[in-house]
Amino acid sequence: MFTAPIAELAPALASKRLSSVELTTALFDRIDALNPRLNAFLARDRKRALGAARAADARLAAGNASPLTGIPIAHKDVLMTAGWKTTCGSRMLENFVAPYSAFVVERLADAGMVLVGKTNMDEFAMGSSSETSYFGPVKNPWNVDYVPGGSSGGSSAAVAARLVPAATGTDTGGSIRQPAALSGVCGLKPTYGVCSRYGLIAFASSLDTPGPFAQTAEDCALLLNAMAGHDPRDSTSVDRPREDYARLLRAPGGAKPLAGVRIGLPKEYFGDGIDADVAAAVDAALGEFRKLGATTVEVTLPNLDLSVPVYYVIASAEASSNLARFDGVRYGHRAAKYDDLTDMYKKTRAEGFGAEVKRRILIGTYVLSHGYYDAYYLKAQQVRRLIAEGFQRAYQQCDLILGPTAPTAAFKLGAKTSDPVQMYLNDIFTVAGNLTGAPAISIPCGFDRNGLPIGLQLQGNHFRESVILNAAHRYQQATDWQRREPADIALETAR
Amino acid sequence: MSWEVVIGLETHTQLSTRSKIFSGASTAFGAPPNTQASAVDIALPGVTINKRSVFARKNYFYPDLPKGYQISQYEIPVVQGGSITITTKDGVKTVRLTRAHLEEDAGKSLHEGLSQAASAMTGIDLNRAGTPLLEIVSEPDMRSAEEAIAYAKTLHTLVRWIGICDGNMQEGNFRCDANVSVRKAGDAKLGTRCEIKNVNSFRFLQHAIEFEVRRQIQVVEDGGTVEQETRLYDPDLDETRSMRTKEDAQDYRYFPDPDLPPLVIDEAWIERVKADLPELPVAMKARFEKEYLLLPEDATALTSTRATGDYFQQTLAELAGIPNVPYLSQSPDVANAKSVANWVINELGAFLNNHQTDIENSPVSPAQLAQLIAHTGPFKGTISHKVAKDVLAAMWAGECGGDADAIIVARGLKQISDAGAIGKTVDEVIAANAPIVAEYKAGKEKAFNSLIGKVMTATKGKANPSQVNAILRKKLGA
């Protein structure tokens, strides 16, 4: 029961068959037992969580609960959480306690969710394996020799291991969808601007997107209902009427619930470099969608091959500027000994940042430099626009674009750490969504020969979250990949 | 050798907003350090910002720059082009504007006022961080320190006039950086310029430019070349010093701020702002000269601030509203205006000056001043000019609630214009001052003035001076 999805926990809480305190206690026992092997959590606080759980139970008893009241959640450590250490997986913020909460953190707290802790991540969200964290790598619950994906690997691993039914993540180039795929859970990247970035420690401002992790698409819809909303503190937050993202999911389905839905298949997604098991799983999923009534059409996405280089130019440029504030002057790490101001900056940043963060700051500084700006940053922005135009043309022919989330299932820890380009190419199918700002979800669709989960990506045009979520939900009603759980090897060992 | 001086100014005007440009923190001056710095201003990680305009990031490291970049405008500023008309002793000149762009201010480094233990440390006050600035950049159109000061003063008047900047230079709300170069007279090519910073008064601006011009001419005449650099003005030593050379110039890596979407200012907004704009000082000055035949220097004085212009016009309107005010032969407006201008500039001006206060804080309102002016010579002639000045002093002090009528009654100052009463006093004075009368009759004109003075003293200054003059002359001549 405790490891059930939100859609099952919520009625149990509402009908008092289960209390939030019971649920939270049970999950904390799992976290205490399993986290030492997974390293998914950087901080957790049972006492605080139980306080919130008691408040949630009182709210449930008083009858003014939301559909999420009493449900435990974990936040990626990139989100400012008042009174909690918020480290971004970096030595730079090792002892930094957030004085205020991010918009999405506030919204989920207002909904009555019980915060159990902060999840591990690639340092400053820069990575695709959750190995660049200063606090050690996150392990994949399906096989602890493998990475869970990244950068939100702590959140994806926590949901995969059923330590929490929900977690937040942020997606700058695939950092929700790729770990969701590699960990075998659902991860939704909403349209840029739907969830405020206020309180999200910026990596690349024009790409950063907060979103939910959960076991099912239905749960993602419930979470997005609470996380979305206009926020004047973020100038890029979109002001549009409130939307119930779960409304299509509740409509009666019938035998062909996806009749009329046109699925676009970009030939660029089904070429070389895709693992055979991944290709087979995606193909099988496509068969299910056809059975559910969807039609398919081949589309092209020109310049998609340029999306990774374009992404690394733009994201690094923005990062080099966004991370300038970590200078040792006001908060965070400061070198113990230094000769003068410049020396203080140098030593503080040399000590506080890890190798991947430094690499991206260097790339970003370079591409913005005098004499290189036009060739790199400006050109990248131009190609970004061309890629977005390609997607718009494709969406004239289809409602959704389907393909693998990542070219392979999870890889072994350390397998790609010495080759940044190989690591970056893991984002080949996800970065375009950030460059265009359009929404996408990754849902489990099978396992590879090593028993590691495979993710299916469904993308839609801007603000078409409900269409994406509905398609994913109908697929999950017809299949059961999302119900597969990794074995609690560590838990049993602990006992 | 004849040298030509070329000057362009970059002026930072702190915009008079209640809150900072991208946060809700207050911009009030003088608060204790860091009490007006929100999470955004301190650049806590994760902070994003409020809706505004098209901005770029200027990246550099400095302790008082919390984000490691300044939000400014680069390729597309909010204003491009425009001009400012200045007046100097050589006449009227137009200075072209290159651009005006919005940006945020940085914080301040504090080297003093820290505790003993912290004496070797530098403090950072971020209250000012995020305060909105409009940087107005001129073309290098000025040819002397005098023109530069005239430009700076005109701009200063203008930004205060339209209420976008309170113009307090000591508080740093209006800061000028001067780009100065010299070239041989007749040269087409501009000389190498130096940028002078840290000039926080018009006087210092003048001194700084004058020093810099002398320095550059000296360098060239000594066979050297002027290096492009940023120089700091030191008011104590009255000199400029090198701060950083071109070689130290940083690559600011400007790029569009990804936190801020482009903002389109629509035509309706521009039209609304235009419609709400008050009459600008140049137009008002021209109108004063044309409609009221005021002297250019008076018109300039009356348009030195918008409050002065408003005060003048309100007093004029009040005066016109007082019934039974006789006018001179000129048109009522011209007659009134001349008198009101004199009272506002000279008489009230003296009080404002002595009390170091602005006209908007004058204890004497335009209505009260008009009431007083109505009593004076050109109008009702109830009191003499000298008495009127005393009444103004009483009004300034708040006597009788500043009511001129009440003060005149209470003090018994009403001018005596009764020929019989004046004639009686004149007779008494003639009788009591036989030696002076004799002197007058011997041809000493000075003696006449002395007798007038005695009549005025006897009437405590209340006698109508022109009547006294006529009656005395008549009686002595008889």
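This is a predicted model: local features need pLDDT of at least 70, side-chain atom pairs count only at pLDDT 80 or more; totals for chains, interfaces and linings use all residues.
Reader: Why are α7(A) and α16(A) called roughly antiparallel?
Author: Helix α7 (residues 217-227) and helix α16 (residues 465-478) of chain A pack at about 150°, axes 8 Å apart. Angles run from 0 to 180 degrees between N-to-C directions, with axes fitted to C-alpha atoms over the stretch in contact. Under 35 degrees is roughly parallel, over 145 roughly antiparallel, 65 to 115 roughly perpendicular, and the rest oblique. So the pair counts as roughly antiparallel.

Reader: Which residues make that contact?
Author: On α7(A), A:Ala217, A:Glu218, A:Cys220, A:Ala221 and A:Leu224; on α16(A), A:Glu465, A:Leu469, A:Ala472, A:His473 and A:Gln476. Being in contact takes C-beta atoms, placed from the backbone, within 7 Å. By class that gives 6 nonpolar, 2 polar and 2 charged residues.

Reader: What makes B:Glu135 buried, exposed or partly exposed?
Author: Buried needs 20 or more other C-beta atoms within 10 Å, exposed 12 or fewer, and partly exposed is in between. B:Glu135 has 18, so it's partly exposed. This residue sits in strand β9 (residues 132-138) of chain B. Leaving aside neighbours within four places in sequence, B:Glu135 touches B:Glu10, B:His12, B:Ala100, B:His101 and B:Glu103. The C-alpha atoms of B:Glu135 and B:Glu103 are 7.4 Å apart, though the two are 32 residues apart along the chain.

Reader: How much of chain B is buried?
Author: By that count, 37% of its 478 residues.

Reader: How is chain B divided, and where do domains 1 and 2 meet?
Author: An automatic or database assignment sets the bounds: domain 1 (3-256), domain 2 (278-411) and domain 3 (419-477). The contact takes 6 residues from domain 1 of chain B and 7 from domain 2 of chain B. Helix α1 (residues 145-161) of chain B gives the most to the domain 1 side, with 4 residues.

Reader: Where in chain A does pLDDT stay under 50?
Author: Over residues 490-495, where the model has 7 contacts beyond four places in sequence. pLDDT is the predictor's confidence in each residue, from 0 to 100. Chain A still averages 95, with 99% of the residues scoring at least 70.

Note on methods
Residues are numbered from 1 along each chain as its sequence is written. Chains are lettered from A and ligands numbered from 1 in the order in which they are written. Helices (H or I, at least four residues) and strands (E, at least two) are DSSP runs, numbered from the N terminus. Two residues are in contact if their C-beta atoms, placed from the backbone, lie within 7 Å. Ala, Val, Leu, Ile, Met, Phe, Trp, Tyr, Cys and Pro count as nonpolar, Asp, Glu, Lys and Arg as charged, and the others, Gly among them, as polar.
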